[in-house]
Amino acid sequence: MPSSGPGAGEEGWIDAPDVAGEGPVDPRVEVIGIPDASFGEEYGGLGRPEPEQQGGNDDGSGTTGGRERVARNTAIFSIATGVSRVAGLAREIIAASFFGTGRPASAFTLAFQIPNLVSNLFANAALSAAFVPVFTDLLQQGRRKEAFRLASTLFWIMLIVLGAITALFILGAGVVMPLFIGPTFNAPIEALTVGLSQVLFPVVLILGLIGLLVGVLQSYEHFTIPAISPAVWNLVIIVLLVVLRPHFQGGYEDGHQLYAYAIAILIATGVQLLMVFGALRRIDFRLHFTIDWHDPRIKQVFTLMLPVTIGLGIVNLDQLINSAFGTLVNGEAPRAIDNAFRIYMLPQGLFSVAVATVLFPTLSRMAARHDVTDMRRTIGIGMRQINLLLIPSAVFMLVLTTPIVRIVFERGHFNARSTELVSEALFWFAISLPFGGLNLLLTRVFFSVQRPWIPTRLAALNIVVDIVVSIGLYKPLGIAGLIIGTIAANAVMTGLQYHRLRVGFNGRLEGAQTIMITARILLASALLGAVSWAVWTVLHRLFGASLPAQIISVGGAAGAGLFVYARAVLAMRIPEAHQVSRLIRTQLGRA
């Protein structure tokens with residue numbers, strides 16, 4: 001915050017520069033992180049809404065209907081995303097049984113994470129987050145042809161640029177990949193890492209195009225295909241992995257069969273692109289074979305995209321940091337951390353990603369209308385929905401970490417030693433779960449108002465915190481020290497993002513209500529944890545450690561804990577819990 005100048009210290013000042021390099025905001029104008037409406041149409045500035053704009057509407061949560069709509073869209077996306085996450089977990093289970101957590105599997109983890117990071121930083125999610133607000137604003141103004149022409153121009157630009165980046169990396173992989181490898185990898189494993197990365201890097205180009213086209217679908221509130229296509233992606237990988245693996249010479253020890261896994265991922269990503277193209281026909285979207293270099297919105301999207309590359313890619317960068325430092329702990333650590341992260345991402349993808357994705361275009365439309373009141377309300381509801389779903393998920397993971405890992409992964413080449421390593425990582429990941437979910441939502445809020453430099457600066461601090469804590473703790477604590485770095489970084493990021501948004505909303509962001517409801521959620525989650533642990537202990541003693549017995553024990557614990565939690569949050573009169581309850585009753589009634 002500035003310490004001098006007019007209005008210094010007053011609420012409503014945003015001192016971070018906007019995309020055009022403007023200075024602080026006039027405190028006399030109610031804003032959300034960007035200058036007043038005079039800056040407005042080009043960059044989506046938010047001034048105080050006119051009287052006719054205020055009040056509820058069906059985009060957000062300003063009315064009961066709006067609240068139910070958000071809950072309904074979130075539920076639909078959650079179900080579709082949940083199917084995708086389960087399919088992804090099935091893919092990881094099969095891969096773990098084939099390859100375990102040995103050094104070749106860790107080599108694959110690093111070879112996959114580098115192109116995955118690049119695609120998220122410079123293509124997939126970053127481009128979508130920068131593109132959706134601009135595209136949505138054109139649609140809101142009734143300029144559909146211009147919006148489609150913009151999308152077409154960006155498609156061909158991304159095809160050219162990402163194609164060049166992909167070719168350069170394939171040629172230079174032998175120089176790039178060793179930079180992320182520690183002394184626990186020998187020469188054959190290093191060569192395997194380089195070779196796998198060369199097979200996988202074309203995924204960057206394909207995911208970049210998918211990110212743009214999915215942004216078009218989300219702007220039209222078509223969430224189903226973007227949510228289902230990852231499930232198809234995982235299923236294609238599973239089938240191809242099982243079919244192709246026997247055709248590669250070598251086995252578990254040398255890692256040559258991992259090339260089957262890499263090829264399966266590449267083909268499945270192409271299938272995913274074809275699915276998105278098919279969904280675009282529903283909105284009569286057609287690519288124009290021209291590039292309009294003079295469209296000012298091209299520069300606008302890429303200007304917005306620059307900071308988004310850092311802000312939105314933080315989760316993937318954190319994964320790479322954990323894996324790279326993991327090679328300093330032991331050769332198994334990168335794969336063990338990645339396996340734990342897959343379990344962690346199941347509730348993350350099922351709940352927080354769904355909430356943030358559904359709310360993002362809604363918030364973008366509110367921003368285009370300068371609808372401050374409903375944005376406040378929608379953000380508050382989104383935060384409370386994420387807490388309602390992720391805090392109990394985190395507690396369940398904390399109390400039953402080892403049984404969860406054992407039931408998911410322990411078979412084939414994934415042995416008791418692997419379970420021990422993955423359980424250690426998952427325990428600490430669970431603590432980070434609610435912070436990670438809130439960060440996804442809060443970052444999207446900044447993107448929706450096209451003020452991405454704020455989370456970019458905070459994300460840079462996040463990375464520094466993660467690296468410093470990881471360096472300080474990996475030697476004494478091993479894998480746990482690396483994940484504690486993630487916890488510290490996510491907690492700091494959540495606090496700073498919330499503070500900046502609160503300042504941008506003149507100190508009014510339904511904070512008191514959110515804190516009060518979160519306290520109730522914590523109490524109910526503690527009950528869930530106690531009941532889940534007690535039920536699992538009893539069932540485990542009764543039925544033993546066979547796979548069917550483990551399913552009964554963990555499933556029974558989850559069911560009992562969920563029942564107690566649901567009764568508790570409803571009894572505590574948590575509004576978001578009653579929204580979910582009404583939605584379930586409505587859907588069951590229709591069925």
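Biologist: What makes R342 and D338 a salt bridge?

Modeller: In this predicted model, their side chains meet at 3.3 Å, N to O. The cut-off is within 4 Å, so the pair qualifies.

Biologist: How far apart are R342 and D338 in helix 12?

Modeller: They are 4 residues apart in helix 12 (residues 333–368), about one helical turn. Both also belong to a network of salt bridges with R91, E92 and R335.

Biologist: Why is D338 called buried?

Modeller: Its relative accessible area is 4%. Buried means under 20%, so D338 is buried. R342 has 23%, so R342 is partly exposed.

Biologist: What makes R297 and E146 a salt bridge?

Modeller: Their closest N and O atoms are 2.9 Å apart. That is within 4 Å, so the pair counts. R297 sits in helix 10 (residues 296–311) and E146 in helix 5, 151 residues apart.

Biologist: Is R297 buried or partly exposed, and why?

Modeller: R297 is buried, because 15% is under 20%. E146, at 22%, is partly exposed.

Biologist: How do you know that D374 is buried?

Modeller: D374 has 0% relative accessibility. The limit is under 20%, so D374 is buried. Its salt-bridge partner is R377, at 3.1 Å between the closest N and O atoms. R377, at 24%, counts as partly exposed.

Biologist: Which residue does the side chain of T537 reach?

Modeller: It reaches the backbone oxygen of W533 at 2.8 Å. T537 lies in helix 18 (residues 511–543). At 10% relative accessibility, T537 is buried.

Methods: Residues numbered from 1 in each chain as written. Predicted model: local features only at pLDDT ≥ 70, side-chain atom pairs only at ≥ 80, totals over all residues. Heavy atoms only, no water. Helix = DSSP H or I, 4+ residues; strand = E, 2+ residues; numbered from the N terminus. Buried < 20%, exposed > 50% of the residue type's maximum accessible area, 1.4 Å probe, protein only. Polar contact = N/O pair within 3.5 Å; in protein donor to acceptor, adjacent residues only side chain to side chain.
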